[in-house]
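Visitor: Hi, could you walk me through this one? I'd like to start with how the pieces pack.

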Amino acid sequence: MTTLELATFGVYLVGSVSFVLALKFLASPRTARTGNLLGAAGMALVVGWTVFTAPGLLANWWVLAVGGLIGSVIGVVGARRVPMTAMPQMVAIFNGAGGGAAAVVAVSEFLTATAEGGAGTALLPTIPMIATLLGAVIGSVSLTGSVVAFGKLQGFIAPRPVTYPGSRVVAGLLLAALLVMAVALAFVTNNTTLFLVFVALALVAGVLIVMPIGGADMPVVISLLNSYTGIAVAATGFVLGNYALLIAGTLVGASGAILTQLMCRAMNRSLLNVLFGAFGTGGGTMVAGEGGEQTVRTINAEDAAVLMAYGKSVIIVPGYGMAVAQAQTPVRELMDLLIARGVDVQFAIHPVAGRMPGHMNVLLAEANVPYERLKEMDEINDDFAKTDVALVIGANDVTNPAARTDTTSPIYGMPILNVDHAQHVIVLKRSMAAGFAGIDNPLYADPKTAMLFGDAKDTVEDLVSGVKAA
Amino acid sequence: MTEALDPRALVDALFILVLTAFVGYEVVSKVPTMLHTPLMSGANAVHGVIVVGAIIVTATADSPLQLGLGLLGVILGTVNVVGGFVVTDRMLEMFRGRRDDRASGGKASGRKASGGKP
């Protein structure tokens, strides 16, 4: 082993430790930012070292310079410009880029290896070939799957589950074909055309896997695809004999899988149900916009403000509607005013409120709401019964009592916030449209519930002036 | 593909793979819900290390096709790694802003005043 190789191992070791510490530090709000910076520093070291020690660097340096420049500009501008509500999409698209890069590296390795081996003469070694195929197939699925997830969250693609008769059969046949081709490529032939068809089918598979999944489940899908990209990176690291790729990829593959499990558990559903349940098709339940049978009571902002200002306790339940309307700052103001009047104000955060776990925490932290007022579901659910007013701001499915009682409801069994146990419920909502899961919410027909329609930001600002006047 | 041919290297890689998977499991099972989004984003940035693979492939490329693939890989990998860390930092910035405000009241009251106090 040369000194250079030894030094490379040292750099990769330092980088790998920094990745592990980065994930560990992300576990606590006090150290999270340090953790991220540490990960970035480790990454800079590993990437920088690779650039300056790579063989043949001088010949192709311009490719690295041009590619690095384009990639950096896209990355920085995208990450800086994106509004807070669109963060999940952004993570999806960055993840897709990583998956695409893994697939490209795997394809390039295959082409190089087959060209060197002299096409058709002898089979390439099986184990590296299997790793190459894994990197190509998983990276491709992650690329197109992430793009579809991005489209669904951004609204380019219908967020509802897209299914057609026999869609599962088609998907099953496709997966079977991929498996057969993989076996053929590993054990029978290293045919380049077959390999390219294999990659093309993997790209199609990514689309077919994500299309039937509803928009409400996208966080879980993004987390799963994040884990996939990690596995694809680990596989390419195996092929290249590169420990930095191997360790970082495996680390993300494993942690992403656990995170996906945690998210599913928060919704009380299995991963299989998320992937194949076509959740939100509304089978057997009323569909969005047809909830005309429900009679709801409405309230104006002044009355709602008085109800809260003269109450003893208020629990605010934020949801995606608050994020869309960017209402977090007026919400904080409302909180300050109520606290100044001696009202006890808490926030009830459902694990899957918004589009990602922690989405609401990030937004409310942005608006300077103290951590200690944000309560997780299990911590606060018993307090609703003792609370005068539950103020629901743009949350829907996570407050739906049908999840508790109606066995025909698609969200039956999902743990929900006990909003309906409060003395009064005020629901801020744009319209009577159904939530992201596409199902009706009986909470709105509850006699204790009053609806306050309008854009969440405007409505909360009205509530703020109402409380001031009260 | 030659580096991975040596059986000893394969065994080493397998050991690293299995043990790292356990590390990944242990590290993540203790993260509070509110940090799940930043964690997912941070992990997303970490697998941006694939750019290293793209660099290695590009460095040894000698045909236009390989150069083109290398360029594509470097662009995609850089988007992943740069965008991933920047977007995670932006999320976490908000958590930290909160803590600073509590520590030094001056800045916080200044910001709150602009928030529309009478």
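**Sheet, domains and interface**

Guide: Happy to, and keep in mind that this is a predicted model. Helix α11 (residues 301-309) of chain A lies across β1 (313-318), β4 (389-393), β5 (424-429) and β6 of chain A. Its direction is at about 135° to that of β4(A).

Visitor: Which strands does helix α13 of chain A touch?

Guide: Helix α13 (residues 328-340) of chain A packs on the sheet against β1, β2 and β4 of chain A. It makes about 145° with the direction of β2(A).

Visitor: And in what order do the six strands of the sheet run?

Guide: The order is β3-β2-β1-β4-β5-β6 in chain A, an open sheet with parallel pairing. β3 (374-376) and β6 (449-453) of chain A are at the edges with a single partner strand each, so one side of each has no neighbour in the sheet. On average, neighbouring strands are turned by 25° against each other, direction ignored.

Visitor: How many bridges join β2 and β3 of chain A?

Guide: Three, in the parallel sense, with β2(A) covering residues 344-349. A:Ala348 has A:Lys375 in β3(A) as its bridge partner.

Visitor: Switching topic, what are the domains of chain A?

Guide: The domain assignment gives domain 1 (1-81), domain 2 (96-276) and domain 3 (291-469). The C-alpha centres of domains 1 and 3 of chain A are 42 Å apart.

Visitor: How many residues does each chain put into the contact?

Guide: Chain A contributes 100 residues and chain B contributes 83. On the chain B side, α4(B) gives the most, with 31 residues. By class, that side has 51 nonpolar, 25 polar and seven charged residues.

Terms used. Residues numbered from 1 in each chain as written. Chains lettered and ligands numbered in written order. Predicted model: local features only at pLDDT ≥ 70, side-chain atom pairs only at ≥ 80, totals over all residues. Domains from an automatic or database assignment. Pairing = 2+ DSSP bridges. Helix = DSSP H or I, 4+ residues; strand = E, 2+ residues; numbered from the N terminus. Axes fitted to C-alpha atoms, helices over the stretch in contact; angles between N-to-C directions. Contact = placed C-beta atoms within 7 Å. Nonpolar A, V, L, I, M, F, W, Y, C, P; charged D, E, K, R; others polar.
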